[in-house]
Amino acid sequence: METVVSGIRPTGNLHLGNYFGAVRNFIKMQHDANCYFFVADYHSLTTHPHPDNLNATVKQVLAENLACGLDPEICTLYVQSDLPETAELYLLLNMLAYTGELERSVSFKEKIRKDPDNVNAGLLTYPVLMAADILIHKAAKVPVGKDQEQHLEYTRNYVNRFNYLYGVEYFQEPFAYNFGGQLVKVPGLDGSGKMGKSEAEGNAIFLIDEPEVIKKKVMRAVTDSGPTHMNQPKEVAIENLFTLLKLVSTTETVAHFETLYNNCTIRYGDMKKQLADDINIFIAPIREKIKAIAADEKYINKVVKMGAEKARQSGRKTLAEVRNIIGIRSFF
Ligand code: TYM
């Protein structure tokens, strides 16, 4: 059976981008592969979360993943820091990671642009830690959104360097994966870029958002003054609204608004109202489950313990083999 690994940073609540880019894949793949999904708390330290909040955010993200349909009896759901073997593999892989290559990473450049006062080495080596997450279970597929694609390229580089340096065929090249084919980039509501928790206020729709909040955010989404001639190409902001509509609405609804757009009779207010309603229909059952699971501390603790045990079994084995290949041998 193929091994699958993926993670989500606990830096806020899950949004529709996380769901359609990653979690939807987790739910599907858990039945057909040997899956390891984790909450990437080590990764979230790059932005220094307050110690009083970290544990609660990890718990919330666990509850949200479970509410979406992850079954901890089928897949392994764990907290990244419960598998410290990841940190040792990260150290070992750092010896194969070139700083020039890391400095050219799109996400690193974006992060230093957004927060020039916090350019720490953890940010620079972020892709190496991701590679450790993936290789600690020797994964073949990594379900992620489009924004993570380059990180997978880096992981493949480390795989090839490791195998070449030690003359082994130990690691295999893992690939970013989406069951629909293309990797997904869910747009935000601010008319540009992607949906993300660190983007502008109102850009992301969270899985816990109540109907009024969803409506408010969607109604405020950026639009233009409307098409002025038949079959006019869409502005980015309008294309984004259609992309969201395609994710949550029926094909009839999408076709209806496409027709109205193409014959210049569309009223964006009507389309947004429909989009808000359909997002709410999609989210409502997940939202209720999140509330129930988040309140059940005992259940979450049980899941995390079970996940840590399963993840350690796999992680310890890989790390022992890697140490042996590298030549790290115990004297006692
Ligand atoms: P993170 O926490 O930023 O996002 C979690 C997952 O959600 C996807 N995603 C999106 N997909 C489509 N459209 C969007 N607007 C959107 N926003 C987020 C991300 O692509 C991701 O799959 N570095 C990772 C976490 C991580 C990881 C790993 C992933 C740590 N180690 C090992 C895979 C394998 C991250 O920051 O994801």
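Here are some questions and answers on helices and loop residues in a predicted model.

User: What kind of model is this, and how are residues numbered?
Analyst: The model is predicted: local features need pLDDT of at least 70, side-chain atom pairs count only at pLDDT 80 or more, and totals for chains, interfaces and linings use all residues. Residues are numbered from 1 along each chain as its sequence is written, and side-chain values use heavy atoms, with hydrogens and water left out.

User: What makes a stretch a helix here?
Analyst: A helix is a DSSP run of H or I with at least four residues, numbered from the N terminus.

User: Why is histidine 48 called exposed?
Analyst: Exposed means over 50% relative accessible area, buried under 20%, and partly exposed in between (1.4 Å probe, protein chains only). Histidine 48 has 54% relative accessibility, so it counts as exposed. This residue sits in the loop between helix H2 (41-44) and H3.

User: What is the phi of histidine 48?
Analyst: Phi is positive, about 55°, although histidine 48 is not a glycine. Most residues other than glycine have a negative phi.

User: Why is cysteine 264 called partly exposed?
Analyst: Its relative accessibility is 27%, so cysteine 264 counts as partly exposed. The loop between helix H12 (251-262) and helix H13 (268-294) holds cysteine 264. Phi is positive here too, near 65°.

User: Why are H8 and H9 called roughly perpendicular?
Analyst: Axes are lines fitted to C-alpha atoms over the stretch in contact, and angles run from 0 to 180 degrees between N-to-C directions. Under 35 degrees is roughly parallel, over 145 roughly antiparallel, 65 to 115 roughly perpendicular, and the rest oblique. H8 (residues 126-135) and H9 (residues 149-166) pack at about 70°, with axes 9 Å apart. They are therefore roughly perpendicular.

User: Which residues make the contact of H8 with H9?
Analyst: Contact means heavy atoms within 4.5 Å. Among the residues are Met130 and Ile134 of H8, and Leu152 and Tyr158 of H9.

User: Which residues of H14 are buried?
Analyst: Among them are Ile300, Val304, Ala308 and Leu319. H14 (residues 297-326) has 30 residues and reaches 41 Å, close to the expected 44 Å. Just after H14, glycine 327 has a positive phi of about 105°.

Methods: Helix = DSSP H or I, 4+ residues; strand = E, 2+ residues; numbered from the N terminus. Expected span 1.5 Å × (residues − 1).
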